[in-house]
Structure formats: C-alpha cells, structure tokens
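Biologist: Please show me the structure. I have some questions about one chain and its contact with another.

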Amino acid sequence: MSILEISNLSLSFGGVKALQDVSFRVPENTVTTIIGPNGAGKTSLFNCISGFYKPQRGTISYEGQVLSSGIKPPRRAALGLARTFQNIALFRGMTVLDNIKLGAHVHMKSGLMSALAYFGPARREEMAVRKDVEQRIIDFLEIDHIRRQPVVSLSYGLQKRVELARALAMQPKVLMLDEPVAGMNREEKEDMARFILDIREEWGITVLMVEHDMGMVMDISDHIAVLNFGQVITEGLPADVQKNHEVIKAYLGNSDIESLRKKLNPEGEAA
Amino acid sequence: MRIGDAKQSYEADEAIWTSGTQKLWFGLFLLILLLFPFLADSYLLYLGCLVGIAVISTTGLNILTGFTGLISLGQAGFMGVGAYTVAWLSLNTGLPFPVTLLLAGLMAAAVGILVGLPSLRVKGLYLAIATLAASVFLHFIFAEWESVTGGMGGLSLEPAHLFGWTFQSDFMMYFIIVPLAVLMVFAARNVFRTRIGRAFIAIRDRDISAEILGINLLRYKLMSFALSSFYAGVAGGLFAYFFRVVTPESFPLSMSIFYLAAVIVGGMGNLLGGILGAAFMTLVPEALKLLTAALTPFYPDAPVFMSPMLEIIFGALIVGFLIFEPHGLAEIWHRIRRFFRLWPFRN
C-alpha cells in the first residue's frame with residue numbers, strides 16, 4: 001500500500017516548468033529515494049508535498065486522502081509529514097535540546113496562561129517531552145554529549161544529525177530527507193545510513209529522501225523514482241533503475257552506453 | 001570551579017537556579033529590594049519606582065523584539081493605552097488597582113493584536129514603520145478623543161487604592177511596582193521554558209523551518225504582540241498611578257526609542273539584559289547629573305559646561321557599549337559569572 005501518492009503533478013514558475021505531470025508512489029514502510037540530476041525538480045517536489053509550493057495541477061494523496069492546497073505547512077506537519085532541508089535549517093542560537101523539543105511542538109498543548117505560570121500542567125508536559133526526547137531520540141542518534149551546546153558550534157555532520165532528531169521528535173509517519181549525507185565523510189555517511197535503516201525498521205516510519213550519493217542510494221533504498229527535467233523517467237527497484245537506459249542517458253549523456261553502464265554498476269562486470 | 005552538579009531528575013536539570021549558591025544570591029537580592037525603600041531617600045525611591053516601571057515595559061518589548069524578532073516602535077503607544085485605561089477607570093469607576101491594571105494590560109494587548117496584524121506580511125524595518133504609524137495614530141486618538149482622554153489637557157487621577165488603603169506616596173507605590181516587576185519578569189522567564197517561548201525564538205531564527213514544525217506564524221506573532229503590549233499596558237498603568245496625570249505628551253515617540261535602546265543595550269533576547277538595559281537607560285542620565293553636581297565645587301563652571309553635554313555623553317555611552325559589547329550588558333554579567341565558575345582556572 002502507498003502512504004503517499006503523487007498523481008500528475010505540474011508546477012511552473014512563469015515559463016519555467018519545474019514539474020511536468022509527475023506521478024509516483026511511496027510504498028508504506030519503505031525507504032523511497034528520488035534521484036535525478038541537478039535542477040531536475042526534486043526539491044520543488046518536496047516543497048509541494050510539504051505545502052510551500054502550490055502545484056498548478058495534479059494531486060498529492062497522503063494516507064488515501066487528497067492534500068488540497070488549502071492545507072498549510074503547519075497542518076501538514078501535524079498530520080505526520082516531517083522533513084529536513086538540503087541546507088540545514090536549524091535554529092542556530094538555540095541549544096540542541098531546544099531544537100529537538102521544538103520538533104515536538106505540534107504534539108504539545110500548553111497555552112499562554114499555563115506557560116506564564118509554568119508550575120502545574122505546563123511543567124508536567126515539558127518534563128514528559130524532555131523524557132521522551134532523551135530516551136527515544138537523543139540516545140538513538142548518539143548525541144547526548146552535545147545536548148547543551150548551541151547548534152552553531154557543531155560540525156556539519158552533527159548538525160545534520162540534530163536536524164534528523166528534530167524531525168523525529170515530530171513523531172512523523174513520513175520522514176522526508178533532503179540530501180541527508182551531502183558533504184559528509186565516509187564515516188558520517190555510514191552512520192546516517194544506519195540511522196535511516198533503523199528508523200524504517202524499528203520505528204516503522206516511511207522514509208522519502210532525495211540523495212545524490214549513488215552508493216548509499218542503491219544500498220539502502222527499497223524503491224527509487226528518477227526525475228529529469230521535471231519528469232519521472234522511471235520508478236522501481238534499485239536493480240531495475242540501475243539498468244534503465246533512460247536513467248543512464250539522463251546522468252551520463254548519450255555516448256557509449258555500455259561502458260558507462262559498467263561505471264554506474266561495477267558489480268555488473270562479474271555477470 | 002563549580003563541580004558536582006550532576007542532576008538526578010529532569011525537573012532539577014531544567015530549574016531556573018541549578019545550585020544553592022544561585023538561590024542564596026537571589027534571596028539576598030530580594031532582601032535588598034525589600035529593605036531599599038526603608039533606607040533610601042525620596043530621590044532614590046523615585047528612581048527605584050521609575051526603574052521598576054521601565055523593567056516591566058522593557059521586558060515586554062524584549063519578548064517581541066528580542067525573542068520573536070519583530071521590531072516595534074509602538075511601545076510608548078501601548079503604554080499610553082494602559083495609562084489612559086487606568087485613568088479613565090479610576091475616574092469613572094471605583095475599581096481597585098489590581099483590577100484596573102489587569103484591564104489596562106488587556107486593553108493594550110487588544111490594541112497590540114490589531115497593530116501586530118501586518119506582521120505576517122511585513123518584517124524588519126518595514127514592520128518598524130508600520131508600528132510607528134500605529135503609534136502616531138494612537139497619539140492622535142489620545143489628543144483628539146476629548147470625551148474619553150481629556151484632549152491635550154489629559155486626565156488627572158486619584159491614587160491607587162485597595163481594601164481602604166491608598167497608595168499615595170512613592171514609598172507605597174514602590175511596594176506595588178517592584179513586586180509586580182519581579183513577578184512579571186518571572187512570568188516571562190517561564191514562558192521561555194515552554195513550547196510557547198521556543199516557538200517565539202524559532203520564528204526569530206528561521207520562520208520557514210518554524211512553519212515546517214507546525215508553528216502557525218500568525219498565531220504566534222500575534223501572541224507575542226499581545227503579551228508584549230500587555231506588559232506595556234501594565235507599565236503604563238503604573239506610570240499613571242505613579243505620576244497621577246496622563247497627557248498625550250507623557251508617551252512621546254522618543255519613549256518607544258528609549259525602550260528599544262534599553263533592549264539593545266541590555267541584550268536582545270535576554271531577560272536579564274532587559275532589566276540591566278532598563279536600569280542603565282533610566283539611571284545613567286541621572287548619574288551624569290549627579291556627576292555635574294559633584295564637580296561644581298571644584299569647577300564652578302561645570303553646570304554651564306556639562307548640561308548641554310549630558311545628552312551627548314549619554315549617546316556616546318550607548319554607542320560605546322554597542323561597539324565594545326554588541327551582545328549587551330548581559331554578556332558582561334555572563335563573563336563575570338563564567339570567571340567565578342572556572343576560578344582558579346581560566347577559560
């Protein structure tokens with residue numbers, strides 16, 4: 001069953017067609033990856049799903065319900081669509097802990113009056129969130145040593161991890177990751193890949209990601225959709241996508257396809 | 001060097017004071033506040049009350065500008081709304097001061113929400129201009145709506161009263177103003193320990209990610225405006241009870257700039273900074289006057305020479321602080337504290 005289904009989505013900015021008739025589905029409890037060259041429309045698609053862009057045509061169905069353009073980003077967040085950004089969008093002046101707690105914002109209820117008084121319901125709720133964040137997320141992502149540090153002081157890899165933590169605090173059903181391992185070293189990439197797999201397997205969260213690192217994409221994805229010039233070229237299992245001529249053309253141009261295919265798929269040589 | 005402060009519970013870890021020493025110092029500070037009116041002369045008492053009012057209003061503006069990132073030049077206007085509400089209520093009803101002050105705050109909050117409406121669309125300097133327009137508009141209402149505000153002549157009011165007590169002297173007013181200031185600063189501190197305060201800061205730091213986390217921008221921006229102008233309204237109400245006359249000229253535009261300067265000099269987004277900024281902005285001009293008086297015996301020309309210079313020196317001090325301490329007076333305090341925490345080591 002698909003938790004997210006994109007049908008015939010079109011988005012243009014003036015004359016620029018960012019997305020043309022895009023259709024694909026995200027099966028539930030999978031790691032689904034959107035790949036494609038730069039400018040193919042991957043981030044635009046994310047922005048449509050999270051409600052920042054309003055597509056001119058087409059629909060996005062989430063859990064069988066059509067998300068109309070009247071459903072604004074905060075509401076979509078409350079429905080269980082969480083995301084991270086390509087260039088980290090943390091709150092730089094706040095500590096790691098406060099950033100993660102902000103993820104839980106939609107699930108908290110204290111109003112202004114109880115916040116002013118603090119002692120009583122507001123404090124009980126804060127402590128429950130703190131406990132949940134500590135035990136469920138900070139432990140899992142191994143960031144307990146930095147919880148009191150302001151985000152600005154952290155390395156890039158750790159900032160990406162904190163952003164993932166914040167998205168997890170939203171208790172999402174679908175986690176959208178925009179280039180989760182871009183700019184990371186090998187060790188950080190392996191850590192992140194492990195976290196993504198654990199999130200799917202242990203927490204049962206569907207992961208939808210955009211990523212350029214083909215090694216990682218082919219290793220951990222269950223389902224891949226390929227976007228080029230705003231159109232879906234193909235979708236399917238990693239092995240099928242790797243062999244697809246259109247995909248190879250989109251990535252490598254129209255020359256000697258056989259030798260390029262070997263580059264893209266080194267294991268294929270043995271066969 | 002501070003050691004051995006491992007915590008056993010999340011409650012202890014998130015407390016405002018995490019060590020006994022801090023509690024002791026704060027207790028001492030409260031004791032000084034309590035004893036101050038018995039020891040101070042009438043001039044110091046007068047200044048103490050002014051600082052108390054300024055602390056409330058600066059804390060309010062800090063919530064809006066320092067923590068939520070919305071620049072406002074309407075603070076004096078909101079204080080005016082509070083002051084006129086108190087004046088009108090004390091003239092036309094017999095309500096005691098806790099009720100009138102609460103209503104003053106609520107009235108100002110309502111006006112604040114109206115003024116805050118453009119904040120969803122306009123940001124930064126544009127919002128400053130929008131709030132400036134609101135403050136000019138409020139000034140116009142204060143001056144022209146004669147049946148309610150008494151026009152240019154303003155309103156004179158009776159002293160605050162409660163259960164047959166009247167609060168006529170500065171000494172009595174001190175015991176309304178200062179406890180209220182302490183209470184309201186704590187209430188603000190509490191807000192920033194909860195989801196509401198975090199949402200404000202999130203909007204300041206990066207409003208797009210705030211939205212993706214499910215924070216409704218308009219709702220929280222208006223909430224920040226309401227809370228901030230509630231503080232201004234209460235401060236204005238106290239101002240009315242303190243001076244017992246309210247005119248349109250009591251709340252000039254320069255007063256809004258005064259509070260904005262207090263927030264910036266003290267430290268934006270830092271409640272302690274707001275307090276220090278309010279004290280600095282209120283007390284430094286007075287200190288300069290005292291300095292002039294102290295110099296007169298040695299240089300008989302001092303008053304002639306100094307009085308036109310006071311404003312210039314005051315301005316230069318502000319500029320100096322901004323250059324050498326861009327994070328505000330609060331940063332100086334943090335540095336002192338860090339020194340003692342690490343002593344005898346250096347950071």
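Modeller: This is a predicted model, where local features need pLDDT of at least 70, side-chain atom pairs count only at pLDDT 80 or more, and totals for chains, interfaces and linings use all residues. Residues are numbered from 1 along each chain as its sequence is written, while chains are lettered from A and ligands numbered from 1 in the order in which they are written.

Biologist: How many of the 15 residues of α15(B) are buried?

Modeller: Helices are DSSP runs of H or I, at least four residues, numbered from the N terminus. A residue is buried if 20 or more other C-beta atoms, placed from the backbone, lie within 10 Å of its own. α15(B) lies largely in the open, because the number of its residues that are buried is zero.

Biologist: What span should helix α15 of chain B have?

Modeller: The expected span is 1.5 Å times one less than the number of residues. α15 covers residues 310-324 of chain B, which makes 15 residues.

Biologist: Which helix gives the largest share of the side of chain B that touches chain A?

Modeller: Two residues are in contact if their C-beta atoms, placed from the backbone, lie within 7 Å. Chain B brings 27 residues to the contact and chain A brings 30 residues. Among the helices of chain B that each supply at least two residues are α8 (170-191) and α11 (217-243). The largest share, eight residues, belongs to α9(B).

Biologist: What percentage of the residues of chain B count as buried?

Modeller: Chain B has 16 helices and four strands. Of its 347 residues, the buried share is 44%.

Notes: A residue is buried if 20 or more other C-beta atoms lie within 10 Å of its own, exposed if 12 or fewer, and partly exposed in between; C-beta atoms are placed from the backbone.
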